[in-house]
Amino acid sequence: MKKKIIHFYQYAALWITLSIALPLHAETAAIDNSPPANTVIAIPAYETCTGMPWPDIAWIHVHDNEETARRTALIILNQMQQGCLLDLRHGGSREIIIHNQQFSFHFDPNRIFTANGRKTALKCSKGNCALILQQLGAAAENFLQQYLSQKKLIIAVHNTHTAGLSVRNYMPGNSMAQDVSQIAISPNKNPHDFFYVTSAQAFNFFANHNFNVVLQNNQTVRDDGSLSVWAAQRQIDYINAEAEMGHTTDQLAMLAAVWAYMKKFYL
Ligand SMILES: [Zn+2]
């Protein structure tokens, strides 16, 4: 039961913030894997565990402003009394932002998991931007290698908002339609509460449990550097439980279904 930290030097103080946010029974310890002195970027990853890690399963939260997702994931892990949440903490914003005398750049941390994605995602306005892109690539690859490349199932938790992404965006003729091969709409569920998955197995399971579900088309999906694209390239079963901010009960129900899915296929 431990928590590891890889951090931007600027974010060392976040340890205190995280300690306050931990569930009651989670044990914590910090390991500082400081990068070499000339390194600009490291991924600010924290790992919060409520028991032994699952060897084949990772839970991950990447957008620091999506608090409902973080909280519900920690609640479910606490109920399981096993497993870890890999949590990116970077000042409470959606994007990771570095702004100092030497550098100014920012990027969406869920767009850095492929080389194509990183090129588009990195918005750099000061410093050696080519070097920053190179280091972002190294940091992302190290992160994937250390935490995710050996896993068989990755569970990501996200939040959207009332005017944001919903299952409707993936319906035929809409903005995200080209990325999906199947979609299941539940008449009983809010369209902003939906699963986005990469396997037919997960699609069928959650659709049969009356959730909104989108199945990514792993052949035609646009390479935007998101974790779902990387997972599909590696043939790793990936589940994003996406719920509207503040829909705590709904997201908990979704994550309870993920637990049932884990038990059926992985435990
Ligand atoms: Zn998100």
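Reader: Leaving aside its neighbours within four places in sequence, which residues is Gln251 in contact with?

Author: Gln251 is in contact with Thr68, Ala69, Thr72, Val157, His158, Asn159, Ala241 and Ala243, once its neighbours within four places in sequence are left aside; contact here means heavy atoms within 4.5 Å. Please keep in mind that this is a predicted model, in which local features need pLDDT of at least 70 and side-chain atom pairs count only at pLDDT 80 or more, while totals for chains, interfaces and linings use all residues. Residues are numbered from 1 along each chain as its sequence is written, and side-chain values use heavy atoms, with hydrogens and water left out.

Reader: And where is Gln251 found, and is it buried or exposed?

Author: Gln251 is found in helix α7, where helices (H or I, at least four residues) and strands (E, at least two) are DSSP runs numbered from the N terminus. Gln251 has a relative accessible area of 0%, so it counts as buried, a word used under 20%, with exposed used over 50% and partly exposed in between (1.4 Å probe, protein chains only).

Reader: His158 was in that list, so let me turn to the metal: what coordinates the zinc ion?

Author: The zinc ion is coordinated by His63 through ND1, by Glu66 through two OE entries, and by His158 through ND1, at 2.0 to 2.3 Å. Donors are N, O and S atoms within 2.8 Å of the metal (3.2 Å for Na, K and Ca), and water is not among the atoms, so sites may look incomplete. Along the chain the donors follow the spacing H-x2-E-x91-H.

Reader: Why is the arrangement around the zinc ion irregular?

Author: The arrangement is irregular because the four donor atoms subtend angles of 57 to 151°. Four donors count as tetrahedral if all angles lie between 85 and 135 degrees; four count as square planar and six as octahedral if opposite donors are over 155 degrees apart and all others between 65 and 115, and anything else is irregular.

Reader: Are His63 and Glu66 buried or exposed?

Author: His63 is buried, with a relative accessible area of 2%, and Glu66 is buried as well, at 3%.

Reader: Changing topic, where does Gln150 lie?

Author: Gln150 lies in the loop between α4 (129–147) and β8 (153–160), and with a relative accessible area of 57% Gln150 is exposed. Its side chain is joined to that of Ser149 by a polar contact of 3.2 Å, meaning a pair of N or O atoms within 3.5 Å; within protein, one must be able to donate a hydrogen and the other to accept it, and residues adjacent in sequence count only if both atoms are side-chain atoms. Gln150 and Pro55 are 95 residues apart in sequence, with 8.5 Å between them in space, C-alpha to C-alpha.

Reader: How do β5 and β6 pair?

Author: Strand β5 (residues 96–99) and strand β6 (residues 104–107) pair in the antiparallel sense over four bridges, where pairing requires that DSSP finds at least two bridges between two strands. They form a hairpin with four residues between them, and His99 stands opposite Ser104 in β6. Strand β6 is also joined by three bridges to β7 (residues 123–126), again antiparallel, and there the bridge partner of His106 is Lys123.

Reader: Last one, which residues in α5 are buried?

Author: In helix α5 (residues 200–208), Ala202, Phe203, Phe205 and Phe206 are buried. The buried residues of α5 pack against several elements, including β12 (237–244) and α7 (248–265).
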